[in-house]
Structure formats: structure tokens, C-alpha cells
Amino acid sequence: MSTTAIAANKTAGGNAAFHNFNNDFAHVQDPNERRRLALAEIDKAPFGWYHVRACVVAGIGFFTDSYDIFAINLVTAMLGIAFFQNKVSKGTIPSESDTAIKVATSGGTVLGQLGFGYLADVVGRKKMYGLELIIIIFATLAQALSSPSHAVSIVGLIIFWRVLMGIGIGGDYPLSSIITSEFATTKWRGAMMNAVFAMQGIGQFTAAMLALIVTAGFKESLLTGSKASTCTGVCQLAVDKMWRIIIGFGAVPGCVALYYRLTIPETPRYTFDVARDVEQASEDANAYMHGKSSGHPDEITRVTAMQQQSPALEIPKASMRDFLQHYGQWKHGKVLLGTAGSWFFLDVAYYGLGLNNSIILAAIGYSGGHNMYEIFYRTAVGNLIITCAGAIPGYWVSVATIDTLGRKPIQIMGFAILTILFVVIGFAYHHLSGHALLALYVLAQFFFNFGPNSTTFIVPGECFPTRYRSTSHGFSAASGKVGAIIAQVVFGPLRTRGAKHGATGAAASPWINHIMQIFALFMLAGLLTSFLIPETKRKTLEELAGEVPGTPNYDPALGGGHPKTSDEASATPHANNEKLV
């Protein structure tokens, strides 16, 4: 094979964290054989430091996402002191503004999950990966530098930037999931994807830790304010600095991972199954080696190469008609229904459980205080305790067992246990002591993360064909965030229904027990939808897509939606093993 032909088969990118497997087989002429060899190399690769580095690069994004989402829960009280120090609000942010700021991120996340998910299937993973991190970094710094004016309130500014930041966070869900999935070794794919997702727990821990650090740093100033309404002067100035430091730090880890994200190669599965543009890939590879962003091949040569190679691959092209035809079949449509439905039911209760946080903190003695230093200190330490007690252990137990127990059993077990826990919390709420409620809360956090919170992220990144994998993951993730919005907008205000003005503690949340009962029903619904998803443990992505003959998932109706004739099969001897459903 000529040097020019070999170069034409190469694709752009490659670094220490993401090896370019496609270029290892650029000398093989038959595109179907090259595809088979390259994907087998990825699937059978022994687990090594390369995989660890890949997980870290993707995981830093989720660390940043979780940090930014969790930090706002600690920051809104500070915003009240910094910008609502008047006779009406008395240093406390209005509840409507508090809810709007928190929901803004989820709203932006839905847009990002749908938009980035679709675009990653249309223009490629490589072109989109890193862009979402740039958006997050920019919006995070913009928040930290925001100040109100006569024309614009601080709430409006924060909401605007958090919607934009949410779009970036949303883009990270499908991109990090499918890129990790498509580069992972089959044996440990679940653990790699779960380790990426488990960085959320580390992000929550870091947000609480940084809040503790800045509280200690401004201790002397905070001691001058006995409560929010009297935190003025140096106390108010200190709080204004504190929230900006906490929010601004969210941009730091993103900057660390940005280079690796921008220089990853296109995943071989996308290059083979969707792009099919070898000539452009050749020029892009040459441009990459010379530090340029893209190549500019001769259009006639490029079109000729595409015409010659597309028929040889015989892989269905993505289109609205093909999408509807694919998911119009119950065996494929039920999987999308299962992943989206499970994630929706999960997130309603997952975000709704946070409504108990103030009550839990009070139960363990980490709420209130004699001055602003004690208040912020106890809030930070309390959040550290409840994060370490349930969330972080749940994530990493899931990482350790996901490839041995399997995704489906863990998800079904998690939903079943959570149904029972929410029934107990809901119907025995007024008979539970503070410590009993804390124990149930920690158990719920553990089985959320050693359960559906992890599996709903992993399975959509595995069970769909390459041409729709990112779109389908984005749709499933967006369904979950819609559930989160419902938890914050509907169940948040419902919690205080019937509460008397000025009530505190349990009296401020008279409807909380009924909400927990409703969440038990959502967990039961999640349990039922879990039976629609396939078990993906130790199966290649091609097997899950139905491409491998002799496997339970195999569908002979391939190559444009019709079974191949014997003449077609003999003309492309390797295609039967390589086509997508």
C-alpha cells in the first residue's frame, strides 16, 4: 500500500490519555477489516495507565460539573448577606430567587444534553469535546465577577451565567460517557465509565471543603456578625469575597483538562461508522501534526474517495427516517424508553431528597450558630459529613462491582431498596428520631449511587448504535434533568404547604412526609422501567448494537434496513461482522 494511501486512512489527534488506535491499522486496505482490527484492539486491550489517564481527563469534567452544581447550595446564603442586606430581606435571599438560581443550572443542562448530544453524532465527538469545558470555564469566571447595577439585579446576572454554564455541564454528560465508552476495554468499560461519573462525589466534597477553608480564612471578619441581618461592614465584605472565591475555583480543574480534551483523536467507531471521510481525515492528521486546527483537501479527491469507500463499509447512515425506523421497532424503542424513564424517575427523588438537608444537618448538630462564622462553619462541616457518609462510598462500591455484578442487577436492586427506604421515611416520618432519619438518609444516598444514579449514566453510553449513541444518551440525560427541575420547582414549594409564617425546623416543612411517600412511587416506577434495559456487562458495543452474528442481540436486517443477499455478502466478506443495527 502506498505512503499516500496510508496517510489518507489516518485520522486526527492522539495524546498520552487518548491513543489513536485507527492509525495503527492505516496500512490495511479493506475498510471493513481495518474497522474490525482497530475495534478489537480497543476491546481486548489490557487495563493500564492509559485507561486511568483517560478516566481522569473525562472525570475532571464531572468533578467540575458536580462542584459547580453543589457549590451554589452553599453560596446562596452568602448572596443574601452580600446583596439583600435591607429591612425587608434582612440578609436572606428570597426563596423565589434562591429556587430560580438553582433551577437555572438544570434548565441549561437540559439544553446542553440535547444539543451537544445531537451535535456529537452529527459533526463528531472530537469537534465537540472541550467546547463544553470552555463554556463552563467562561461562565464560571463570569459569575464570580458579577455585580448588580441599577438596570440589572444580581439574581438576573447569576441566572443568565448559570444557564450558560448549565449548557456546558449538559454537554459533558453525553460526550464524556460515549468517548470513555468508545475508547474503553470491554472487560472494564463499566468501571471506567463509573469512575468518571464517581468524580461527582469528589466534586461535592471539594465544594464543601473549600467553603470550610474560606470560612476559616475570614473568621475574624465573620465573628463581627451575630446573624445574617447584622453581618455588615467587614463581615459583609468578607462574605462577598467568599462566594466569589468558591464559585471562581470551579474554573481551575477545567483548565487542567482542557488541553487533553481539545487534542483527543476522533473515536475509531465514529470515524468508521459515521464520518467515512478518509481524505479529510488525512489532511486533518497532517494539520494536527503541524499545529493547525484542520486540513483543506482537494474537494474532487475528497468526494471521489468518499464515493469509493462508502459502499464498501455498507453502514447505515444517520437520518431522521432511519432514526424513526430504528426506534420505531419495539426492541430498540423500549431500550430508549427504559434509559430515559429510569433516569427521569431517579432524578425526581435524587434531587428531592436534598429537601431534607437542613433537617438532617439540625439532627447531627450542624445548623445555626451564635455568629456567622459558626453558621458557615457548621454548614460546611455538616455537608462534608453527609457527603462522606453515603454519597462517596456508594459511588466507589459501584465502581468496584459494576463489571462483576452487572448494570441491570445493580439498578434493579437500587430502585427496590430505595422504594422501601422512601416508604419508611414517608409513612414513619413523624415517629423517627433525628438519628434514625440521618441513618435512613445516609442509606438512601448510598443506594442512589450504588444503584440507579450510576447505572443510568453508564447504560445509555453502551446500548445504542454508534450513529445515535450520543443523541440517545443526551435524550436520556435530559429526561433526568427534567425530573430534577420538577423536584426543585414543584416539590420544593410543596414541602412548605400549610406552614405558618416564621416556622422553623420540622414545622417549616409540614408536607415533607407526603413528598417522601410520592418519591417512593417514583422509585417503584423506576424499578419497572429498569426491566426494559439490556444487560451490557462484558459485551462489546458492536454486540450490543446487534452486529455480531450468533449473539442474542443479532439482527440480520442490516445494511440499510434489509437482509443482505448472498451476492452482496460475498462481495463484502467482512461486512456481516461490522454493520450497525
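Two residues are counted as being in contact when heavy atoms of the two lie within 4.5 Å. In this predicted model, 81% of the contacts between residues at least 6 apart in sequence join residues at least 24 apart. The protein has 25 helices and zero strands. Of its 581 residues, 56% are buried. The protein exposes about 22,800 Å², and carbon and sulfur atoms supply 66% of that area.

Salt bridges were searched for over the whole structure, and twelve were found. One of them is formed by Asp 98 and Lys 102, whose closest N and O atoms are 3.1 Å apart. Both residues belong to helix α4, where a spacing of four residues places them about one turn of the helix apart. Asp 98 has a relative accessible area of 16%, and because buried means under 20%, Asp 98 is classed as buried. Lys 102, with a relative accessible area of 22%, is partly exposed.

Glu 182 counts as buried, with 0% relative accessibility. Arg 469 is buried as well, its relative accessible area being 0%. Glu 182 and Arg 469 also belong to a network with Asp 121 and Arg 125, joined by salt bridges that share partners.

Packing between helices was examined for α10 (residues 234-249) and α11 (residues 251-262). Two packed helices are described by the angle between their axes and the distance between the axes. For α10 and α11, the axes come within 5 Å and cross at roughly 20°. Angles under 35 degrees count as roughly parallel, so α10 and α11 are described as roughly parallel to each other. On the α10 side, the contact is made by Ile 247, Gly 248 and Phe 249. On the α11 side, Ala 251, Val 252 and Pro 253 take part.

Asp 322 is part of helix α15, which spans residues 320-328. With 14% relative accessibility, Asp 322 counts as buried. When its neighbours within four places in sequence are left aside, Asp 322 is in contact with Pro 316, Lys 317, Arg 467 and Tyr 468.

Val 123 is located in the loop between α4 (95-122) and α5 (125-128). The relative accessible area of Val 123 is 34%, and Val 123 is therefore partly exposed.

Conventions
Residues are numbered from 1 along each chain as its sequence is written. This is a predicted model: local features need pLDDT of at least 70, side-chain atom pairs count only at pLDDT 80 or more; totals for chains, interfaces and linings use all residues. Side-chain values use heavy atoms; hydrogens and water are left out. Helices (H or I, at least four residues) and strands (E, at least two) are DSSP runs, numbered from the N terminus. Buried means under 20% relative accessible area, exposed over 50%, partly exposed in between (1.4 Å probe, protein chains only). A salt bridge is a side-chain nitrogen of Lys or Arg within 4 Å of a carboxyl oxygen of Asp or Glu. Axes are lines fitted to C-alpha atoms, for helices over the stretch in contact, and angles run from 0 to 180 degrees between N-to-C directions. Angles under 35 degrees count as roughly parallel, over 145 as roughly antiparallel, 65 to 115 as roughly perpendicular and the rest as oblique. Accessible areas come from the Shrake-Rupley method with a 1.4 Å probe; for residues, only the protein chains shown count as cover.
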